[in-house]
Amino acid sequence: MKIRDHNRMTWTRWFMNKPSFYRKMVWIALLSSIVPIMILGISSYAMTTKMVKQDASQDVSQILNYASQTIDTGMDRIQNNLIQMLMGSFFTSDFAEQKRNNYAGFYSNVYQNLAAFKNGNPQIEDISLYTLDENYFISATYGGHKAESEDEIRAAHQLLNDKQQLYWKAGYSLNGKEDANGISIVSAIPLHAQDPIGFIGITMDNRMFESLARPFIKYENERMYVLDDTGQLVFHLNGTSVPPELYEMITVTNKIGHEFVYHWDGKEYLVTSKLSPMYNLLYIDMIPTKELYSSSQWIAGMTLLMVVIVLVTGFTLAWIGAKRAYRPIKKLMSQVSGSQTGDMGMDEISYVNKRWTEMNSKALELEGQLNEQLPLIREIFALRLMEGQFTHDRQEHLAALLGRYSIPEQQSAVVFIIAYDQFVEEAKFQESDKDLILFIMKNIASELLEQSGLRGIVINALNDQVIVWLWTEQEEARAWELTLKPAVEQVRQQIAHYLCSPVTIGLSRTTDQVELLPDLYREAQLAIHSRMINGGNQIIESKGLINSMNYRYPTELETHFTASLQVGNFEEAERMLHAFSDKVQTAVHNPELILMSYDQLLSTTLRTAYLMDIDYDHLFGRSTFELYTEMRECATIQDLNEWFKRELLEPILLSLSNKKNQEYEHLIHKVTLYIAEHYHLDISLDQCAQICGISPPYLSKLFKKVKDISFIEYLTQVRVTRAIDLLVTTDLLVNEIAEQVGYNPKNFIRVFKKQTGLPPGQYRETHRT
């Protein structure tokens, strides 16, 4: 409290020290702007909040109507589709007669009809048929399932005890597992029969409701529930439990269709409900009032922002009016004050004197700092000049810049670049000491050149290299050139001796035109890069710039190379690599182009491996950076080709071959597993190929390659093996065994005899005795 009072007193004292004209303008601005805008803002906020609440309530009711209509329509469509299927020829025929004539065919037809219904109604979770005589479930999703326990059989029979032949019920059973949520429809088979032989059940879980209701959710943390006429939770969205007293509040107090505010779990919700006229389901929507009326809070914020803006505007107008009273003094104050306004309350003349003294002191300080930074600024200018940034400047502008940094305009010049080649075992420094190495190289070069009487600029290029620009007056050029190379060689030897590492210098030609300095810099760069061909630890003199514009990166060879990798053709990939090598050798005068071309080929190869889903870090045993570094250690193009073939092509193609074999075995395992589970049904090669997502001829070829036996032969072996087990271990008739292994009796006897050499009956007698 004391701090707040102190701040208020400080601000008041500062305001009262201002001229009275300033204070009058401020008060006029406040009274004429803030009070009206406050009244307008408060009234606007109250009216808009009321309209927002009305619009939000109407919006919620409309959304709930849309959601309930969509869900009811979806349930009605499923019920109509079920009735249409049950009125078909298959489900109105005599099931008992069909089972006697063709037991396996009957269940195959049932499965096909159920699967077709499920595919045509994606909202349902499952459709299954239950036969009372066999207590057998057949599902479109989970296949066959026989009810074993008495509880499961009793629960299945109770579904037919209902007086209605076709009805909806809350909850569902899915593959023997009960769930209180969700909804299911049950229909007797045949429909409207006095003595049904079974029933069909269609289940829909909460995911169907979420997919249909999700588009209608508009607010964050909005909840939606669907209850049946007993208050049991059928579906839910953004909440797995419904408040227990909410159902009674809606139904008992007759609030269906009316909205009310409800407090639950520490939050306030706006509850809206609707009773479905079609299936007597109660739809409940709960929206947190905080999210519902968030726009009202936005209006309050905007009102406050408008008040602040008007307040700032009022003060601004006050300052503008006051400025006109003493504009000359204000102009002087703006010249000397800068951004420092801490002492503006003092007398203006005193403030000007004080600021003038500070500016003189600051000017002297900046002048000293400039003298300290001048060598660095001079190096930056020289580097920019060599990079060609002043190529298109006017001659007089360039001459002025050279004069500013004490560089003669008429001169003979040369450029050379110093680079250490690699770190050897006896090296004095490690790779982590690069900054220190560059510092040492620059200092040694500067000292030796100064001792030799050579003038110039030594530049740290920040790329593991040191650039040196030397010049002399044109009349002394001949004697200067005679001493130039020995001095440069002395620099190289001294640096190499101190670092205990090989050092290479790329030396350009000399020129008498400062405008050609960028060409000298490029010549030195090309010379230093030609270590790849000429070798390092020496002075490499430039032969001048050679036109490399005719060289074009061989994109078509790269494309053919990556295509060969993708199909696993090692010979073609190796041939394309050699063709690529022949192409890039045309740029032998520019080693940097060669390295850049191989860098791009390496990048493309790694990208191709990634697209082929190959983990190249695991395959190559090192990171991408290490691969690039290792590749650049190759001395010749032949070494590059051998490295590519050994380190990239062979591992990639070997990995691709192993991956394809694993994919083949996975597909065939999927087919054999399907045969083992469905051998008693009518299985075809086309059906298995559709499951695997490949063509039947390709599946037949893969099956023969992996299993060394054809698809039909393998299916026959599985069926005959099962038939032998049934013949030896059971007393089933031959006709019954034939149906259980997927044959009609006549074909079964013929196939069995062909496989075992004996008819089924004789085989049973022989092996039982």
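What pLDDT does the protein chain average, and what share of the residues score at least 70? The protein chain of this predicted model averages a pLDDT (the predictor's confidence in each residue, from 0 to 100) of 75, and 76% of the residues score at least 70. Residues are numbered from 1 along each chain as its sequence is written. Because the model is predicted, local features need pLDDT of at least 70 and side-chain atom pairs count only at pLDDT 80 or more, whereas totals for chains, interfaces and linings use all residues; side-chain values use heavy atoms, with hydrogens and water left out.

**Figure 1. Confidence along the protein chain.**
Helix H1 (residues 2-16) has the lowest confidence, with a mean of 53, and helix H25 (residues 711-729) the highest, at 87. Helices (H or I, at least four residues) and strands (E, at least two) are DSSP runs, numbered from the N terminus. Where pLDDT is low, the predicted coordinates should not be read in detail.

**Figure 2. The largest nonpolar core and the surroundings of isoleucine 200.**
A nonpolar core is a set of buried Ala, Val, Leu, Ile, Met, Phe, Trp, Tyr and Cys residues joined through side-chain atoms within 4.5 Å. Buried denotes under 20% relative accessible area, exposed over 50%, and partly exposed in between (1.4 Å probe, protein chains only). The largest such core has 45 residues, of which Phe91, Ile127, Ile200 and Ile202 touch the most other members. Helix H2 (residues 20-86) gives the most to this core, namely 9 residues. Another core, of 30 residues, lies apart from it and has Phe416, Ile444, Ala445 and Val458 among its members. Contact is defined as heavy atoms within 4.5 Å. Not counting residues up to four places away in sequence, the residues that isoleucine 200 touches include Leu82, Phe91, Leu114, Ile127, Leu129 and Ile185.

**Figure 3. Strand S1 and its two partners.**
Of the 6 residues of S1, 6 are buried. Two strands pair if DSSP finds at least two bridges between them. S1 and S6 run antiparallel and are joined by 6 bridges; serine 128 has glycine 201 in S6 as its bridge partner. S1 also pairs in the antiparallel sense with strand S2 (residues 136-139), over 4 bridges, and leucine 129 stands opposite isoleucine 138 in S2. The hairpin of S1 and S2 has 4 residues between the strands, and asparagine 135 in this hairpin takes a positive phi near 50 degrees.

**Figure 4. Aromatic pairs.**
Rings of Phe, Tyr and Trp (its six-membered ring) pair if their centres lie within 6.5 Å; planes under 30 degrees apart count as stacked, over 60 as edge-to-face and the rest as tilted. By this rule the count is 11 aromatic pairs. One of them is the tilted pair of tyrosine 130 and phenylalanine 199, at 5.4 Å centre to centre and 35 degrees between the planes. This pair links distant parts of the chain, 69 residues apart: tyrosine 130 belongs to strand S1 (residues 126-131) and phenylalanine 199 to strand S6 (residues 198-204). Tyrosine 130 counts as buried because its relative accessibility is 0%, and phenylalanine 199 because its value is 3%. The rings of tryptophan 643 and phenylalanine 644 have centres 5.7 Å apart and planes at 80 degrees, so this pair is edge-to-face.

**Figure 5. A ring cluster and a charge over a ring.**
Tyr743, Phe748, Phe752 and Tyr763 are linked by ring pairs into a cluster. The charged end of arginine 719 sits over the ring of tyrosine 743, 5.1 Å from the ring centre. A charge sits over a ring if NZ of Lys or CZ of Arg is within 6 Å of the ring centre and within 35 degrees of the ring normal.

Strand S14 (residues 465-472) is largely enclosed by the rest of the structure, because 8 of its 8 residues are buried. Strand S12 (residues 412-420) runs antiparallel to S14 and is joined to it by 8 bridges; the bridge partner of alanine 419 in S14 is glutamine 465. Strand S13 (residues 455-460) is likewise antiparallel to S14, with 6 bridges, and arginine 455 stands opposite tryptophan 471 in S14.
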